[in-house]
Amino acid sequence: MSIVVTGATGALGRLVIDELLARGVPAAEIAAVVRDKEKAAPLTALGVELRIADYNAPGTLAGAFRSGDRVLMISGSEVGQRVAQHSAVIDAAKAAGVAQFAYTGILGGPDADFDLAAEHRATEELILASGLPYTFLRNGWYTENYTGNLAPVLAHGAVLSNAGEGRVASAARADYAAAAAAVLTGEGHLGRAYELSGDVAWSFAEYAAAVAEAAGREIAYNAVTPEAHHAVLTGAGVPAPFAAILVDVDLAIERGRLAGTSGDLSRLIGRPTTPLAVTVTQAVTPARSAG
């Protein structure tokens, strides 16, 4: 039996593996499902087993899982293709007879009513229909979704959003990784759905203030219409379909869909979630250098 992490070379997957190792799981009992063996060389150096497979090539997934494995399927990043990709992973896991199938979905699960949530809702339905012993990790927003793109904010001195006064209960990516590791190494998590989010929901005005405090200069919050936001995004080179998704997410934030603070995340990791200001401060210095 191994603990298996798919998408293991991605930002979240690598953090999950680091967390498993920090919890004392032997490297030999961790398997990383990856597409690129060379990219996974650092994991090999740690002693982690590599299983080469591709969400887009179902035939490669047959060797990704073993009977009794505890599996974390990290959702794919290719919006529009994820239902087919996830279906192939689910089929392979069921055929192998895994003992646990954890999935990183989206906050709200079946009640999440924005476009980006549709593939996550469909994936949860496929998992339930498969009969796999599941755990749903319904991840809220990573604070890094915002701090990872600070250069233009610092360059223009403004945070731009069409979310109005909506709030986001984000947490650091490492917090979500710690929760996944807790579920993969603990007991009592089968058949459960966790609504994972930060302890505090913040507004974009508060986010702009946090960036201003860390950067030592004024950062405004510019609330704009959805149409204006879409125009700014496409003008900056964001493909129109993805810009539409981002605008729709902001509308969901305005409706309160990403503001929930259930406390599930802090309970799973045994500590408070990482405050917004901490992640912002960690990101500002390199962003200022890049800008």
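User: What makes strand β5 count as mostly covered?
Analyst: In this predicted model, 7 of the 7 residues of β5 are buried. A residue is called buried when its relative accessible area is under 20%, so each residue of β5 falls below that limit.

User: How do you know which residues of β5 lie on one side and which on the other?
Analyst: In a regular strand the side chains alternate between the two faces of the sheet. Accordingly, Gln-100, Ala-102, Thr-104 and Ile-106 are on one side of β5, with Phe-101, Tyr-103 and Gly-105 on the other. Both faces are covered, as the residues of both sets are all buried.

User: Why are β4 and β5 called paired?
Analyst: Pairing requires at least two bridges. Strand β4 (residues 70-73) and β5 have 4 bridges in the parallel sense, and therefore they meet the criterion for a pair. As an example, Met-73 has Tyr-103 as its bridge partner in β5. From β4 the chain crosses through helix α3 (residues 82-96) to β5, in a right-handed β-α-β crossover.

User: Is β6 itself mostly covered or mostly exposed?
Analyst: Strand β6 (residues 134-139) is mostly covered, with 6 of its 6 residues buried. Tyr-134, Phe-136 and Arg-138 are on one side, while Thr-135, Leu-137 and Asn-139 are on the other. Strand β9 (residues 192-196) runs parallel to β6 and is joined to it by 5 bridges; Arg-138 has Glu-195 as its bridge partner in β9.

User: How do you know that β2 is mostly covered, and which strands does it pair with?
Analyst: In β2 (residues 30-34), 5 of 5 residues are buried. Ile-30, Ala-32 and Val-34 point one way, and Ala-31 and Val-33 the other way. Strand β1 (residues 3-6) pairs with β2 in the parallel sense over 4 bridges, and strand β3 (residues 49-52) is joined to β2 by 4 bridges, also running parallel. Ala-32 is the bridge partner of Val-5, and Ala-32 has Leu-50 as its bridge partner in β3. The chain goes from β2 to β3 through helix α2 (residues 41-46), a right-handed β-α-β crossover. A right-handed β-α-β unit is likewise made by β1, helix α1 (residues 11-22) and β2.

User: Why is His-229 counted as buried?
Analyst: The relative accessibility of His-229 is 7%, and the limit for buried is under 20%, so His-229 counts as buried. His-229 lies in helix α9 (residues 226-235). Apart from neighbours within four places in sequence, His-229 is in contact with Leu-160, Ser-161, Asn-162, Val-224, Val-247 and Asp-250.

User: How many residues of the lining of the second largest pocket are nonpolar, polar and charged?
Analyst: The lining divides into 4 nonpolar, 4 polar and 2 charged residues. Among the lining residues are Trp-202, Pro-275, Thr-143, Ser-170, Asp-199 and Glu-206. Asp and Glu count as charged, Trp and Pro as nonpolar. The volume of this pocket is about 150 Å³.

Technical notes:
Residues are numbered from 1 along each chain as its sequence is written. This is a predicted model: local features need pLDDT of at least 70, side-chain atom pairs count only at pLDDT 80 or more; totals for chains, interfaces and linings use all residues. Side-chain values use heavy atoms; hydrogens and water are left out. Helices (H or I, at least four residues) and strands (E, at least two) are DSSP runs, numbered from the N terminus. Buried means under 20% relative accessible area, exposed over 50%, partly exposed in between (1.4 Å probe, protein chains only). Contact means heavy atoms within 4.5 Å. On a 1 Å grid over the protein atoms alone, a cavity is a set of points where a 1.4 Å probe fits but cannot get out, and a pocket is an open set with protein on both sides within 12 Å along at least five of seven lines; lining residues have an atom within 4 Å of a point. Grid points are joined across faces, edges and corners, and a volume is the space filled by probe spheres set on the points. A crossover is right-handed if, with the strands pointing away from the viewer, the path from the first strand over the helix to the second runs clockwise.
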